[in-house]
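Here is a short report on how the parts of this model pack together. Have the sequence and structure open as you read.

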Amino acid sequence: MGKIGLIIKREIFSKLRNKTFIIMTFLAPVLVAAFFAIVIWMSMSDKAEQNIVVIDETEFFKDKLAGNDYISFTYSHDSLDKALDKFYASDKTCILYIPSNLISGADGAIKIFYKKAPGFAPQTYIKSQVEKILYEYKLKANNIDPTIIHNAKQAIKLITEKVNEKGEHAEQMTAFASILGFFCGLLMFMFIMIYGMMVFRSVMEEKTNRIVEIIISSVKPFQLMLGKILGIAILGIMQFIVMGLISFALTTVLSSALLKDVQKDMVKFNEQKAQVMKNGTTANLDKLDPMQDKLEVFEVLGQIKQLNFVEIFICFVIYFLAGYLFYSSILAAIGSAVDSESDSQQFMMPVMLPLISGYVIAAQMMSNPESNLATWGSMIPFTSPIVMMARIPHGVPIWEILISMTLLILSFLGTAWLAGKIYRVGILMYGKKTSWKELSKWIFYK
Amino acid sequence: MEPILEVKNVVKQFATHRALNDVSIVVPKQSVFGLLGPNGAGKTTLIRIINQITAPDSGEVFFNGHRLKEDDVNLIGYLPEERGLYKKMPVGEQVMYLAQLKGLSKNDAKTRLKYWFEKFEMQSWWNKKIEELSKGMQQKVQFIVTVIHEPPLLILDEPFSGFDPINAQLIRNEILELREKGSTIIFSTHNMGSVEELCDHIALINKSQKILDGSVRDIRKTYKSNTYRVSFKGNMMGFTNALWTGAELLDKGQEDDLTWAVVKLLGNTTPNKLLEAILPVCELHGFHEVIPSMNDIFISKVNSENNITGSKSNFTE
């Protein structure tokens, strides 16, 4: 074990000395967080103050358009041309033009003239305001009370519950589980790929540097291969933990800022709802609508807490290790057999194909999470780390997980044994292009 | 004295090619042993078997009297023909790593490393990356890696290929010094000059088979053919006439004002008889026995072997 320890240590430190590796470890989570921060910041900047002057040729909307925190409406009797002349010098940010044919005509278009483009949110807000006023007007014109319509539209909640063989059932957030599952599968795919390729390059580097013969005069080739694979595994877990901690810290900071808003809205929503119930009036109905979607966000957040994150995390670590060991030993064997990366294409395809199909299965599970394909994919070692990770958020019986893990670990022992056989011959082969046939011959060398 | 290494009837077969066919060698302790042979003869395969990099299909290897075992790698220093180092790893760290892989403790490795770095005047290289060093400098580092654990057995595969003349001389001196200290050195080469200069014993391998082995002195003795080189002043015609059926003229020529001739003595003719015959006809300036060089023996032996097997020699050196 002493010599393998030395190899593991060297493998880790040579990567830690690599500046890009260190920088990426810290930068990747920051970049992801920065991306979200930018998205949030952009949606905030939608809330820039909008002073809108309304040119209403129908004379119908006057004083009916409701403003909000950052949008305010003023009304003008000027003609559009005149208003446009004055517009640029004024402090108004937009002109809302409502043509005279809007109420009667079929061609219902309104126009916004602007100096600086208003964001998506103010546009939808204005549009929905106009639509709503028109809608209520038209109902009233036909002697229909808007409250009747409103009460007739009853929002219902869809609850999905999973039943197990004992008849017990529990609520499952299938939509969220699908997304989480796909994310776990994707992460697994990326991790196996990244660290597997690291092993591949490391093996090839030693071969092309011609140092390998010096090393295997001190240690057995299998020890060298194992040391390499384990070293990079430890490195991977360390990187995973560092990235995880940074991401966790950043998302906590970001989400607490976000959740505060959502929470506040939630309280407000409940108050208003209670008031509506009590009064039975329609006074605040229109104010409730825009909050409906925020309510869903709040429910999702509540459901997330019900998911078994400990189970998901433990399974992720085990599947990552076993899946990585499985693929990296195959990649080590290939790295030993080729002289340059360009020679490796013919070997890479058949190895990458099952890995990619695992990813594809995980992707199609978004729409059909418990298909036969998913069950089989989560058992077959080539795809099981990815597919099983995508299944776990939906709830998988523990015995299935155990079978799948056992199969994967047994297969790893098999591939490691085979890879060791190929590796010890491959690292000493120079100059000629290797074929699959040759590779299989090496297995039987003494 | 017990030999340090004994290879007995080793056979190694690759898919379609037999690399070693029943090869046996005996390497005496504290000697310089030359493993000779044309390219592709199987030298490197044999060396890899001794280093336990590959296993023989049949046959045995004995080291210090016992069958070769896994720990023995720590007692062998190996400089492969295809040699390199980690390009991005600092020199000091790299040698420390490789020394520890050979079983040295961290402290021992450091002490010995300092000794060698001082000896080769390369203390300032410690933190340099290998890729920043010149080829000659890299070769010194490689040599240190080979000997740092003070192995009783050193195996150098083509040590002089790729080394510049200055480094080659340095290595040559180190080899002799290490032998004085008690190490045994095996080196494979087809540089015959170094064989005569350095080797005590040789084994010649051709087409996967050992075709000759023994001490250099004995081999050259066996291959001398009772031939003498005479240089003299006088008439070549007279010289030829003086020869009789007991002596045969092989070659002749002119060198400045001296004439020379190579004469092979037949039967039990002694050199004295030849001298008696030629002294009356010429003024003698030189007379010595022609002993074949290892190069001659090597080429004639390989060629004759190849002719026996009916194929053309591909040996070019």
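## Around A332(A)

Which residues does A332(A) touch, not counting residues up to four places away in sequence? They are V199(A), F200(A), V203(A), M225(A), K228(A), I229(A), A419(A) and Y423(A). Touching here means contact: C-beta atoms, placed from the backbone, within 7 Å.

This is a predicted model: local features need pLDDT of at least 70, side-chain atom pairs count only at pLDDT 80 or more, and totals for chains, interfaces and linings use all residues. Residues are numbered from 1 along each chain as its sequence is written, with chains lettered from A and ligands numbered from 1 in the order in which they are written.

## Nonpolar cores

The largest nonpolar core has 136 residues. A core is a set of buried Ala, Val, Leu, Ile, Met, Phe, Trp, Tyr and Cys residues joined through C-beta atoms within 7 Å; buried means 20 or more other C-beta atoms within 10 Å of the residue's own. Those with the most contacts inside it include M188(A), A332(A) and V95(B). Helix α11 (residues 309–337) of chain A gives the largest share, 15 residues. Apart from this core lies another, of 14 residues, among them V53(A) and F73(A).

## Helices α6(A) and α12(A)

The axes of α6 (residues 174–209) and α12 (residues 345–364), both of chain A, come within 9 Å and cross at roughly 170°. That makes α6(A) roughly antiparallel to α12(A), a term for angles over 145 degrees. Axes are lines fitted to C-alpha atoms over the stretch in contact. Helices are DSSP runs (H or I, at least four residues).

F182(A) and G185(A) are among the α6(A) residues that meet α12(A), whose side includes L355(A) and G358(A).

## Chain A against chain B

17 residues of chain A contact 21 residues of chain B. On the chain A side, α1(A) gives the largest share, 4 residues.

Notes: Axes fitted to C-alpha atoms, helices over the stretch in contact; angles between N-to-C directions. Helix = DSSP H or I, 4+ residues; strand = E, 2+ residues; numbered from the N terminus. Parallel < 35°, antiparallel > 145°, perpendicular 65-115°, else oblique. Contact = placed C-beta atoms within 7 Å. Buried ≥ 20, exposed ≤ 12 C-beta atoms within 10 Å, placed from the backbone.
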